[in-house]
Amino acid sequence: MHVFAPLVLSLLLIFRELAVCLEPSPRPFDGDRTSTPIVLPLAYSSANYTSRSAEESYLRMRGLRDGDHSAHNARMPLFDDLLTNGYYTTRLYIGTPPQKFALIVDSGSTVTYVPCSTCVQCGNHQDPRFRPEHSSTYEPVKCNIGCNCDKKKTQCTYERKYAEMSSSSGLLAHEVISFGKESNLMPQHAIFGCENSESGDLFNQHADGIMGLGRGHLSMVDQLVEKGAISDSFSLCYGGMDIGGGAMVLGGILPPPGMVFSHSDPGRSPYYNIELKEIHVAGKALHLNPRIFDRKHGTVLDSGTTYAYLPQEAFSAFKDALISNLGSLKKVDGPDPNYKDICFAGAGRDPSKSFPEVDMVLGNGKKLKLVPENYLFRHSKIDGAYCLGVFQNGKDPTTLLGGIIVRNTLVTYDRQNRRIGFWKTNCSELWDRLHITKENSKNPPSSTNSTIELAPALSPSGSKDNFLPGQIQVGIITFDMFLNLTYPALLPHLKELEVLVAHHLNITYYQVHLVEITGQGNGTLIKWAISPAATSDFISNTTAMGIIARLTEHRFRLPETFGSYEVVQWNVEPPSRRSWWQRHLWAVGLAISALVMLGFTTLSVWYLRRHTSSLPAYMPVDAAAPEQEMQPL
């Protein structure tokens, strides 16, 4: 169950974000998923959390108020995925000159922190640690009455503890934060945490740290809003089951047509909450009291949590209703014996043909539709099997909705208007649908008429309709990987390696092709090729950039079975420009060969029949036969 300390009404609550608090784990939970306690952050939020005008909340994506050029949007790509990593990350640049970090986007955390070069207990993460001595703009936050101070009483500190016994602590500092090349937002001064110690999952995770998007004055969103850099809103869009990645926007966007909103009351809970009244499975409502979703902290939306967690009664009803609609699917064991996962086999590659649709009915009667990828995860060991990504929240009555619920859903946290919006779309192609070229993104418009609306959702593989002018088309991506594993030892695991490569590159496994494999002493050199999806002639620019980023940043995390690896080189080739006859020559050749074989077979049958019919009829040995006169010599 959740662990919370009593709120003490004192002056220190004004500076509550600097005190020790409990925050939700942005990583997958350890142990039994069905009974692991879920811990949410201890933070205080008044009902009058913000008082900004409603006009400011509609600062639209890359469009400004008349005469106001201070507010832009930070348009940032997301990386990783739920199944492989348990989280999504973005890239943040800290310091002058900037140092790059991969941070988990977490709407339940209120502090942004990365490992410092002075850290005495930090794990090996994706990027080098932050070096304050290499930044000309680094400035410690001096000790004051509103923070916990270090032993020397000179600098403010922070500390975060998590339910699974992991923790993070360090010093607070002012720095220049940059948001990447795709962002219109200029670098901003902000407070962040410079880690000196971490433990548990924080120590072991691949990501460098956390980007806090929650409510609290140390939150990155709050700091940018307070400076007037963005409007009081942000959006997240997580990729789907087969293709990870996604997009994030810090600042307001124009809600697309069809976006479904739910009221979110900051006075009801210090976390981002929605009003959930009912759950429907295959069109039938679960027989539950609507108040079951309003207990304790209500229904909380947390981007840093992997799965969804329901109160005991709601989970049992949901599970039973789901199983009753599965027909002939067979129940199987989960992929990891450490978890008591509920899994089913026999669904094939498309789970939507075997699993029902689920609706979450919001307080205003609107429905958030969930397709199977929003409540299932793919079994990693059995092809065509899927496991339930919804679990019982121990004995805690809070409903917690993690990232799996909003896969391929644009979620807008409209804090100004106290609402959260949901729009089903293809998140891995969101940038392509903004219809913005890189040249345009560097020259933001200065008129309120220059708003950008989201286009209708596209297929995951993309099409020529969403190709941006000025960008190259990618037909195939090749790369060479060297593994410190001998060829005989690698041979039995090639299929497993192929699936892992697909997962790490956020593509489907049938797009990965083994071109060549060569043993080199104690290692093996493998040449891979990445092809477009089956329905497309090319790889979309968003997908291609994501693949290349993963290759160049060495973000594969292979099991110990494969040893260490190195990407030696990679190459991008344009789509084939060959004629129809050239591209289908093999098919034409195969058809001609088939016709030749068919003709030869027909001719052989005709020949045998003709010569067989000319032979004398069979007669028994003792049968009477007419006498024949011997022919003269």
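Biologist: How many bridges join strand E21 to strand E25?
Modeller: There are 2 bridges between E21 (residues 343-345) and E25 (residues 386-388). The two strands run antiparallel. Keep in mind that this is a predicted model.

Biologist: What stands opposite Phe344?
Modeller: Tyr386 in E25 does.

Biologist: And what is the strand order of the open sheet?
Modeller: The order is E20-E21-E25-E24. That makes 4 strands, with antiparallel pairing.

Biologist: Which are the edge strands?
Modeller: Strand E20 (330-332) and E24. Each of them pairs on one side only.

Biologist: What does the twist average there?
Modeller: From one strand to the next, 35°.

Biologist: Switching to rings. How many aromatic pairs does the structure hold?
Modeller: It holds 13.
Biologist: Take Phe234 and Tyr272. Why is the pair edge-to-face?
Modeller: Their planes stand at 70°, so the pair counts as edge-to-face. The ring centres are 5.8 Å apart.

Biologist: Where do the two residues sit in the chain?
Modeller: Phe234 is in strand E12 (residues 233-238). Tyr272 is in the loop between strand E14 (260-263) and strand E15 (273-274). They are 38 residues apart, so the pair links distant parts of the chain.

Biologist: Is Phe234 buried or exposed?
Modeller: Phe234 is buried, because its relative accessibility is 0%. Tyr272 is buried too, with a relative accessible area of 2%.

Biologist: What about Phe318 and Tyr375, how do they pair?
Modeller: Edge-to-face. The planes are at 90°, and the distance is 6.1 Å centre to centre.

Biologist: Which elements does that pair link?
Modeller: Phe318 belongs to helix H4 (residues 312-323). Tyr375 lies in the loop between strand E23 (367-370) and strand E24 (376-378). The two are 57 residues apart, in distant parts of the chain. Phe318 and Tyr375 are buried.

Biologist: Which residues do ring pairs link into a cluster?
Modeller: Phe101, Phe130, Tyr138 and Phe192.

Biologist: What sits over the ring of Phe261?
Modeller: The charged end of Arg419, 3.8 Å from the ring centre.

Biologist: Where is the place of Arg419?
Modeller: In strand E29 (residues 419-424). The C-alpha atom of Arg419 is separated from that of His263 by 4.4 Å. Along the chain, Arg419 and His263 are 156 residues apart.

Biologist: With which side chain does the side chain of Arg419 make a polar contact?
Modeller: With the side chain of Asp414, at 2.9 Å.

Biologist: Backbone next. Which peptide bond is cis?
Modeller: The bond from Thr96 to Pro97 is cis, with omega near -5°. Pro97 sits in the loop between strand E3 (89-94) and strand E4 (99-106).

Biologist: What phi does Asp80 have?
Modeller: A positive one, about 70°, although Asp80 is not a glycine. Asp80 is in the loop between strand E2 (74-78) and E3.

Biologist: Is Asp80 buried or exposed?
Modeller: Buried, because the relative accessibility of Asp80 is 6%.

Biologist: And Lys153, what phi there?
Modeller: Lys153 has a positive phi of about 60°, and it is not a glycine either. Its loop runs between strand E7 (148-149) and strand E8 (156-161).

Biologist: Why does Lys153 count as exposed?
Modeller: Because its relative accessibility is 59%, and exposed means over 50%.

Biologist: Back to the E2 and E3 loop. What is Asp81 in contact with, leaving aside its neighbours within four places in sequence?
Modeller: Gly86, Tyr87, Tyr88, Gly244, His503 and Asn506. Asp81 is found in that loop between E2 and E3. Asp81 is buried, with a relative accessible area of 9%.

Biologist: What phi does Asn506 take?
Modeller: A positive phi of about 60°.

Biologist: Which residues of helix H8 are buried?
Modeller: Leu494, Leu497, Glu498, Leu500, Val501, Ala502 and His504. The helix covers residues 494-504.

Biologist: What covers those buried residues?
Modeller: The cover includes strand E30 (476-483) and helix H7 (487-490). It also includes strand E31 (512-520), strand E32 (523-530) and helix H9 (541-552).

Key:
Residues are numbered from 1 along each chain as its sequence is written. This is a predicted model: local features need pLDDT of at least 70, side-chain atom pairs count only at pLDDT 80 or more; totals for chains, interfaces and linings use all residues. Side-chain values use heavy atoms; hydrogens and water are left out. Buried means under 20% relative accessible area, exposed over 50%, partly exposed in between (1.4 Å probe, protein chains only). Contact means heavy atoms within 4.5 Å. Rings of Phe, Tyr and Trp (its six-membered ring) pair if their centres lie within 6.5 Å; planes under 30 degrees apart count as stacked, over 60 as edge-to-face and the rest as tilted. A charge sits over a ring if NZ of Lys or CZ of Arg is within 6 Å of the ring centre and within 35 degrees of the ring normal. Two strands pair if DSSP finds at least two bridges between them. Axes are lines fitted to C-alpha atoms, for helices over the stretch in contact, and angles run from 0 to 180 degrees between N-to-C directions. A polar contact is a pair of N or O atoms within 3.5 Å; within protein, one must be able to donate a hydrogen and the other to accept it, and residues adjacent in sequence count only if both atoms are side-chain atoms.
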